[in-house]
Amino acid sequence: MTARQRAFFAIRIVAWLAVGGCVIVFARRLDWDQVFTSFEHADLGLALLAALAGLPCTALQGLRWSALVKAVRRVPRHTTVAAMYVGQAASAFLPMRAGEAVRTELLARASGMGRATSLGTVALDHSVNGLVMFALAALLPALLPVPRWMAVTLWAGMAGALALIGVLVWLAEHPEVHPPGRLAGLVSRMRSGLIAARNPRAVAQAAGFAALSWMVEISVAMLALAAFRLPHDVAHAMGVLFGVNLALAIPSPPASLGNFEMGAGLALAAFGGKTEQAAAFAIGYHALQLLPILVMGGLMLPFFRRRENSGNSGTQYRFTSDTPVRP
């Protein structure tokens, strides 16, 4: 392990300890009898509906990614959707949301494009999704009184997402220009995955699917809030989603345990919700998110196994180098 790898590993450990410490402090202050009471009074029918309503969300995220991938190489939409489901399911078992690496690898193998090219499409996918998320979240201060720090974070995130999109577009339009250092080669290989940034139609389609997926996410959050008998208007649902995604930016253990609950719980508490109800909701909401993804990821995984077995016989499956693809 190099010095840089040791430093990153130490940073991850410190981040996990910090999140774990916050969760423990928060948990020690809870009246767990009230937390269990909140679970007892939850509406199981609405909770089940929320779980089922979340299934199309991942499919829409896969279609969002597919719109960008198709600008690089013709890949069936069901391939990217399946890779998205399997990648999200893998994040339930791997730390640091490493399911992103899983979906990158699955796309590279199933499509024949290089790993770095596949990684470039994932980077652009996250950028488009982040931009749409912050654009929607920027409406939150107009809908609901929020702490000043949250409003500042919202607008700062919006500016950061715009800046990142600008950098990716610049890299896609200037492939001959790379930052100096050891990352130059990786940037060069990733460039072919950024081709979609120069395709307004592909970006618009991806943004459209991103907006639809966030609308579904908001609906799921509203159903989950209603199941736990909490305020379940659009503003509260958006606040919960933003709190969760802000917490997920911190290095997290498998399934984002602790981070997810902290983000959802603190968001509700910031809006004046009762702490015990917020904690019960955060735990239940996380379960409603995880269970359908695990089921669908397990159902989608054989798709890639079949492709691999077919590729081993020399019919479909092939690898290519990371040489950039010229548009």
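**Ground rules**

I number residues from 1 along each chain as its sequence is written, and my side-chain values use heavy atoms, with hydrogens and water left out. Because the model is predicted, local features need pLDDT of at least 70 and side-chain atom pairs count only at pLDDT 80 or more, while totals for chains, interfaces and linings use all residues.

**Entry 1: the cores**

I began with the nonpolar cores, meaning sets of buried Ala, Val, Leu, Ile, Met, Phe, Trp, Tyr and Cys residues joined through side-chain atoms within 4.5 Å. For burial I used relative accessible area with a 1.4 Å probe and protein chains only: buried is under 20%, exposed is over 50%, and partly exposed is in between. The largest core has 46 residues, and Leu225, Phe228, Val240, Leu268, Phe281 and Tyr285 have the most contacts inside it. Helices that each supply at least two residues include α7 (115-137), α11 (200-227) and α14 (275-312). Helix α11 gives the largest share, 9 residues. My helices are DSSP runs (H or I, at least four residues), numbered from the N terminus.

I then looked up Val240. Leaving out residues up to four places away in sequence, Val240 touches Leu225, Ala264, Ala267, Leu268, Phe281 and Tyr285; contact here means heavy atoms within 4.5 Å. I also noted a second, separate core of 16 residues, with Val69, Val72, Val75 and Leu107 among them.

**Entry 2: the aromatic rings**

Next came rings of Phe, Tyr and Trp (its six-membered ring), which pair if their centres lie within 6.5 Å; planes under 30 degrees apart are stacked, over 60 edge-to-face, and the rest tilted. The whole structure has 7 such pairs. Phe39 and Phe228 are edge-to-face, 5.6 Å centre to centre with 80° between the planes. They sit 189 residues apart, Phe39 in helix α2 and Phe228 in the loop between α11 and α12. Phe39 is partly exposed at 32% relative accessibility, whereas Phe228 is buried at 8%.

Phe281 and Tyr285 are stacked, because their ring centres are 5.1 Å apart and their planes are at 15°. Both belong to helix α14, about one turn from each other, and both are buried. I found that Phe39, Phe228, Phe260, Phe281 and Tyr285 form one aromatic cluster.

**Entry 3: the salt bridges**

I counted 5 salt bridges, each a side-chain nitrogen of Lys or Arg within 4 Å of a carboxyl oxygen of Asp or Glu. Asp125 bridges to Arg64, with the closest N and O atoms 2.6 Å apart. That pair joins helix α7 to helix α4 across 61 residues, and both residues are buried. Asp125 also meets Arg103 at 3.2 Å, N to O. Arg103 is in helix α6 (residues 99-111) and Asp125 in helix α7, so this bridge ties together parts 22 residues apart in sequence. Salt bridges with shared partners join Arg64, Glu100, Arg103 and Asp125 into one network.

**Entry 4: the patch**

Trp32, Phe36, Phe39 and Ile283 make a nonpolar patch of about 360 Å². Patches use residues with over 30% relative accessible area and no salt bridge, joining like charges within 9 Å and nonpolar side chains (Val, Leu, Ile, Met, Phe, Trp, Tyr) within 5 Å; the areas come from the Shrake-Rupley method with a 1.4 Å probe, and for residues only the protein chains shown count as cover. Helix α2 (residues 32-40) supplies 3 residues, the largest share. One of the patch residues, Phe36, is partly exposed at 47%.
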